[in-house]
Amino acid sequence: MKIEQRIGRIDRIGQKNDVYVYNFILADTVENRVKKVLETKLQTILAELGIDKYSDVLDTEISDINYTKAYMDSIIYPSIDIENNVRDIEQDFKIQIENANKIKNLMKESKQLENLVGKENIFDIDTALSQMIAYFENSKGNNILALDDYSLENPIINEHINKNIVYNINSVVLNIAIQDFSNEKGYFIIWSLTLFSDKKYTKYIPLFINDSYILRPLAGQKIWDAILNNNKIIISSQSDPLNSKTWEHLEKQSMEYIHNIFIENKKIIEDKNEENYNKYMYVINARLEAAENIGIDHIKKHKVHSIIREREEYQRNYSLINKIIPDLSPVLMVRME
């Protein structure tokens, strides 16, 4: 354990030269015999558990096991079988490695990536980003802005994507008709539902409400798909702004429907937060248990105090991220003719 830690202090990130490490141990000594027995036992345990090399395991809190007693007993009572002296270490080490594997398995992603092999996505992000810039510049009466790099890292594109777009209900209404697309007359609205927690979660919801103020959620999705279809021809014109009573009806119908979506997504976020919390607490409590086994008192106290402080900080943050606040805004509204 100590050898591996010392090597790690020398052969670290940023080291430009090859590091050669030589360890000397006296032959025909109790120390050498104990070392060989321990290494053999450790290699056997790790082979059984499917771990390639023990250096990776020793460079963790699992290495806090105290080997002093095994050495001292072997030196004081050399006639006693060294195998007996290291038996407790062997059992303790096996338990701690199994616990480490449980923690590692908890942190695995549940996605099965092999299921995605061979599945193609027809969405062309470069084309979509190019169109976004072109449409925006056209709407401002500017020439199309040519970019060298149509990617999410481009600062101009990043600025567009992060804009908080809110529809002005006092502006003129855009009337549209989609050629070769049958629909009722009414209003197509895209709503932005944002849930504020530790991270901002936003969902865009397309809705269609006909002139009788009947909500048609499936029609809303079909209209959105048709608008995004480059093969569809859209004819547009402008009319007067909505009167306040019409907007009140549209907003009321929309909010009643979106409220259920909010409850569903709130539950998903809360469940995910709770899952992450339980995983984290399992890991940190395992670390705390390992720290309690450190043989040197002042190191143990410092380690335990540091882990407890980290746990308390995480618990405080968890109570904050679980306060989910919704924000609903209209992004786009057009009248369907």
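Visitor: Why does I75 count as partly exposed?

Guide: The relative accessibility of I75 is 48%, and since buried means under 20% relative accessible area, exposed means over 50%, and partly exposed lies in between (1.4 Å probe, protein chains only), I75 counts as partly exposed. This is a predicted model, in which local features need pLDDT of at least 70, side-chain atom pairs count only at pLDDT 80 or more, and totals for chains, interfaces and linings use all residues. Residues are numbered from 1 along each chain as its sequence is written, and side-chain values use heavy atoms, with hydrogens and water left out.

Visitor: Where is I75 found?

Guide: I75 belongs to helix α4, which covers residues 68-76; helices (H or I, at least four residues) and strands (E, at least two) are DSSP runs, numbered from the N terminus. By that naming, the protein has 11 helices and five strands.

Visitor: How do you know that I205 is buried or exposed?

Guide: The relative accessible area of I205 is 4%, and therefore I205 is buried. I205 has its place in strand β3, residues 200-210.

Visitor: What is I205 in contact with, leaving aside its neighbours within four places in sequence?

Guide: Contact means heavy atoms within 4.5 Å, and with those neighbours left aside I205 is in contact with I189, I190, W191, L193, Y257, I258 and I261. Another residue to look for is S254, which is 49 residues apart from I205 in sequence and 9.7 Å apart in space, C-alpha to C-alpha.

Visitor: What makes strand β2 mostly covered?

Guide: In strand β2 (residues 186-196), 10 of its 11 residues are buried.

Visitor: Which strand does β2 pair with, and in what sense?

Guide: Two strands pair if DSSP finds at least two bridges between them, and β2 and strand β5 (residues 325-336) pair in the antiparallel sense over 11 bridges. I190 stands opposite L332 in β5.

Visitor: How do you know whether D28 is buried or exposed?

Guide: The relative accessible area of D28 is 79%, so D28 is exposed. D28 lies in the loop between α1 (2-10) and α2 (30-49), and its phi is near 60°, a positive value in a residue other than glycine.

Visitor: What does Y213 count as, and at what relative accessibility?

Guide: Y213 has 28% relative accessibility and therefore counts as partly exposed. Y213 is found in the loop between β3 and α9 (217-228), and phi of Y213 is near 60°, again a positive value in a residue other than glycine.

Visitor: Where is confidence lowest, and where is it highest?

Guide: The term pLDDT is the predictor's confidence in each residue, from 0 to 100. Confidence is lowest in helix α3 (residues 54-58), at a mean of 53, and highest in strand β1 (residues 173-178), at 91, while the protein averages a pLDDT of 79, with 82% of the residues scoring at least 70. Over residues 59-64 pLDDT stays under 50, and for these residues the model has 18 contacts beyond four places in sequence.

Visitor: How many residues does the protein have, and what percentage are buried?

Guide: The protein has 337 residues, and buried residues make up 28% of them.
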